Amino acid sequence: MNFQWNLVWDAVPTMLDGLVVALFATCIGYVIALVLGLVFAFLRRSGNRWVSAPVGFLVEFIRSTPLLVQLFFFFYVLPLIGISASPLVTGAFALGLHYATYTSEVYRSGIDGVPAGQWEAATALNLSTRRTWTNVILPQAIPRVIPALANYVIAMFKDTPQLLAITVVEMLGGAIALGSETFRYSEPIAAAGIVYLLVALLMAWLARIVERRFGQVRV
Amino acid sequence: MTNGEFITFDGVHKSFGNNVVLDDLSFSVGSGERVTLIGPSGSGKTTILRMLMTLTRPDRGTIGVDGDYLYHERRGDTLVPAGEAHIRKVRSRITMVFQHFNLFPNMKVLRNVTEAPIHVLGRPKEEAEARGRELLEMVGLADKLDAHPSQLSGGQQQRVAIARALAVDPDVLLLDEVTSALDPELAAEVLDVLRDIAKSTDVTMLLVTHAMRFARDVSDRVLMFNEGKIIEDAAPDKLFNEPEHDRTRSFLRSVIDET
Amino acid sequence: MSAGLMAYVWEGLLNTLLLTVFGALLGLVFAFVAGLARSSERKVVRGIAMVYTEVFRGFPALVLLFALIFIVPQFGFQLNPLFAGVLALALNIGAYAAEVVRGAVRSVPPGQLEAAIALNFTPLQRLRKVILPQAIVAMIPPFTNNLIELLKATSLVSLVYISDLTFAGQLLRASTGETALVFFGLLVGYGVIALGFTVVMKLLERMAARSLGRSVPKGLFGRAEVAA
């Protein structure tokens, strides 16, 4: 066995640099996913078939196809149409778009979970559509889905290694770069794996706390 | 073991957390006897049945079935907790019909009835199916052999469940509120079937039920439970007409008679 | 497009399908073993299964793939790249699918287990004849999601130079320069494959439900949410 644990430890500084990059991408991507997902959810609920059907199809299409290919797509195609963004921003955007398709489903189930009687009461009180959404429906729908939304942060974080394909140096990318310098790949990759695992477990633990805090619907 | 003590409960104690459900309970049931357990909910009567069926274990005490202990084995002069094989062996004499039928939805009616005879008792398929058909005819469902449980009414499902229980040739039949989930008309069908069975077989029966008229018709003895103890044990005529305990009296007054 | 390039695309398609199918089959094995072990009475068994699911759900699939390809040879084993891909994907998806198995087994009404005990079935008989047939129907919709995730994850093997569909796409792009078209075509290709799998799974679900005497609501896009 040729594995040298001290090299794993040596790789940690590179890992921390990569961790910052990964967390940055996750945060930006998550904000995009939260906002865009809500937009998708609304559009899919539109009474107008010309809106709901294409959006529905688009959402399903993005959700069923690989994030990696979508990363390549935006990385190579955006410059062709004049948008120049750093690989990190491009990656965060693609990540956010991909996960917006998941969060939109979560929002939809939350909204559907609000009892029909709530809508009826709002109509009986002659509330405007906007008021109904902001004061009645969303305040009931969102808390219900916070646990599920929290879980998607972790999923996004675990997908950040794919960004190395578009030259973003997060942890795995850093590990490969380190490996190509020293010709010892195993230890840096192990270091990356361990850090990813630890951070993911930490996030899962935090998500459990969030779930407990928001899990019960406050009546 | 004499016939009068086919089933014995000796010093049985059971609590769920702080809640004492059975309090140092001792009683016995004779072979072929029909005993009804009545009492308010939480008084422990269902727990008795579930313990006999090994769905729950007693905290203390022994339960005997025809000379063997259900949860203990004899090693020389002492009793040790029984292993799984022993429990299975003793348990094979007992079966149960449930309040919510619990038919297997992944099997049609005939297969529900023949599955245990074939795979637990080791009977050949033709024999098990012939017996199954016989039993289903006895409960009035000869035309439903090929049906799915989901296609049957509650009363029909319960009758299949009864046939399924009888198919394993039990010595002891436990009936846990078998009509409580049925509306009165369907409950009556099921009770008629049980009356027939009580008349035509000599299987030992322990019933928990709210159907008081049925209990009177079928039972040899009625046990009144209250707060984990048996407070009265008498023949139905005596217990229903001249109850000794105030608690028994007030309970009987409040019971809604089903059939 | 030259015949040589077409050959790459076919090879890529074939490998993607192989990775998906075998990854799914192996992952199913892991899922059932771990999922059933989570419900075991023995603490040690439960613990091991929990470690497996927690670790392989916390590990990014790409890192696992790199680990299998780079680290394992250090210990003396040489893994065939395609097999390494199948293993990495199976370990990853198996951990998620194990939760599906566990949830589905728990969703079988307790009365069913009690009836099986009352008829004196052995524990193995209870599982095979009563619990699993009923649990399987509940497993299929979430499994469909797992399968699509697996299909998407197969694209990761292109980064370790295994010639799957995405790798073929890269080759196509490099030689034809039609970037947008190639990647869009890739997306459509994956989308069609995903659709195919979804249809098959819906059919399986309908068959399984029918064996329980139940009916399944119609419609193709009624997918359950993906558990993260």
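Tutor: Let's begin with contacts: two residues are in contact if their C-beta atoms, placed from the backbone, lie within 7 Å. Keep in mind that this is a predicted model, where local features need pLDDT of at least 70, side-chain atom pairs count only at pLDDT 80 or more, and totals for chains, interfaces and linings use all residues. Residues are numbered from 1 along each chain as its sequence is written, while chains are lettered from A and ligands numbered from 1 in the order in which they are written.

Student: Thanks! How many residues of chain B are in contact with chain C?

Tutor: On the chain B side there are 23 residues, and they are in contact with 18 residues of chain C. To describe that side we need elements: helices (H or I, at least four residues) and strands (E, at least two) are DSSP runs, numbered from the N terminus. Here α2 (84-91), β8 (94-97) and α3 (109-119) of chain B each supply at least two residues of the side that touches chain C. The largest share, three residues, comes from α3(B).

Student: What is the residue make-up of the side of chain B that touches chain C?

Tutor: For classes, Ala, Val, Leu, Ile, Met, Phe, Trp, Tyr, Cys and Pro count as nonpolar, Asp, Glu, Lys and Arg as charged, and the others, Gly among them, as polar. By that scheme, the side of chain B that touches chain C has ten nonpolar, ten polar and three charged residues.

Student: Which of the two pairs of chains that touch has the most contacts?

Tutor: That is the pair of chains A and C. Their contact takes 30 residues from chain C and 41 residues from chain A. On the chain C side, α2 (43-58), α3 (61-71), α6 (123-153) and α8 (179-211) each supply at least two residues, and α8(C) gives the most, with eight residues. The side of chain C that touches chain A divides into 22 nonpolar, six polar and two charged residues. Chains A and B, by contrast, do not touch; their nearest C-alpha atoms are 25 Å apart.

Student: α8(C) keeps coming up. How do I check the length of a helix?

Tutor: The expected span of a helix is 1.5 Å times one less than its number of residues. For the 33 residues of α8(C) that should give 48 Å, and the end C-alpha atoms are 49 Å apart, which agrees. After the helix comes Gly213(C), whose phi is positive, near 75°.

Student: Which residues of α8(C) are buried?

Tutor: A residue is buried if 20 or more other C-beta atoms lie within 10 Å of its own, exposed if 12 or fewer, and partly exposed in between, with C-beta atoms placed from the backbone. In α8(C) the buried residues are Val182(C), Phe183(C), Leu186(C), Leu187(C), Gly189(C), Tyr190(C), Ile193(C), Ala194(C), Phe197(C) and Lys202(C). As for the pattern, an α-helix has 3.6 residues a turn, so residues three or four places apart point the same way. What covers the buried residues of α8(C) includes α3 (49-64) and α4 (67-80) of chain A, together with α6 and α7 (165-176) of chain C.

Student: What does chain A consist of?

Tutor: Chain A has nine helices and zero strands. Its C-alpha trace spans about 75 × 45 × 25 Å along its principal axes, and 40% of its 219 residues count as buried. Of the contacts in chain A with a separation of 6 or more, 79% are between residues 24 or more positions apart.

Student: How do I read the packing of two helices?

Tutor: Axes are lines fitted to C-alpha atoms, for helices over the stretch in contact, and angles run from 0 to 180 degrees between N-to-C directions. Angles under 35 degrees count as roughly parallel, over 145 as roughly antiparallel, 65 to 115 as roughly perpendicular and the rest as oblique. Helices α8 (residues 171-182) and α9 (residues 186-214) of chain A pack at an angle of about 165°, with their axes 8 Å apart. α8(A) and α9(A) are therefore roughly antiparallel. Their contact has ten nonpolar, one polar and no charged residues.

Student: Where is Tyr161(C), and is this residue buried or exposed?

Tutor: Tyr161(C) is in the loop between α6 and α7 of chain C, and counts as exposed, with 11 C-beta neighbours inside 10 Å. Its phi is positive, about 65°, although it is not a glycine.
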